[in-house]
Amino acid sequence: MHLLNDAVTSGDLGWIQSAHDSRSKLQSMSGALQSGDLSGAQKAFSSLAPRGSQGVDTLA
């Protein structure tokens, strides 16, 4: 929450948008897992990886 406050205070709209996108992707992954859609959950999870990365391996 502190980072969000700092971003809003400084006007860092890029960071705020990135945080919002990540939250939306996490909610999508959670919904897919709850409904048993493993493929959808995997797709949502892979979209969380930083751009230019190879995916899940970079999160380990």
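Q: Where does S22 lie, and why is S22 called partly exposed?
A: S22 belongs to helix α2. Its relative accessibility is 31%; buried requires under 20% and exposed requires over 50%. The value falls in between, and therefore S22 counts as partly exposed.

Q: How far is S22 from A49, in sequence and in space?
A: The two residues are separated by 27 residues in sequence. Their C-alpha atoms are 9.8 Å apart in this predicted model.

Q: How do you know that the length of helix α2 agrees with its number of residues?
A: Helix α2 covers residues 13-34, which is 22 residues.

Q: Why is W15 called partly exposed, and which helix holds it?
A: W15 is placed in helix α2. Its relative accessibility is 34%, which lies between the limits of 20% and 50%, so W15 is classed as partly exposed.

Q: What makes L3, L4, V8 and W15 a nonpolar patch?
A: Membership requires over 30% relative accessible area, and nonpolar side chains are joined within 5 Å. L3, L4, V8 and W15 form such a patch on the surface, with about 370 Å² of accessible area together. W15, at 34%, passes the 30% limit. Helix α1 (residues 2-10) gives the most to the patch, with three residues.

Q: What pattern does the protein chain follow, and what share of its residues is buried?
A: The chain has three helices and zero strands, in the order α-α-α. Of its 60 residues, 12% count as buried. The chain exposes about 4,800 Å², of which carbon and sulfur atoms supply 56%.

Q: How confident is the predictor, and where is pLDDT under 50?
A: The mean pLDDT of the chain is 80, and 80% of its residues reach 70 or more. Among the elements, α1 has the lowest mean (80) and helix α3 (residues 38-46) the highest (90). Over residues 55-60 pLDDT stays under 50, and the model has five contacts beyond four places in sequence for them. Where pLDDT is low, predicted coordinates should not be read in detail.

Notes. Residues are numbered from 1 along each chain as its sequence is written. Side-chain values use heavy atoms; hydrogens and water are left out. Helices (H or I, at least four residues) and strands (E, at least two) are DSSP runs, numbered from the N terminus. Buried means under 20% relative accessible area, exposed over 50%, partly exposed in between (1.4 Å probe, protein chains only). Accessible areas come from the Shrake-Rupley method with a 1.4 Å probe; for residues, only the protein chains shown count as cover. The expected span of a helix is 1.5 Å times one less than its number of residues. Patches are made of residues with over 30% relative accessible area and no salt bridge: like charges are joined within 9 Å, nonpolar side chains (Val, Leu, Ile, Met, Phe, Trp, Tyr) within 5 Å. A salt bridge is a side-chain nitrogen of Lys or Arg within 4 Å of a carboxyl oxygen of Asp or Glu. pLDDT is the predictor's confidence in each residue, from 0 to 100. Contact means heavy atoms within 4.5 Å.
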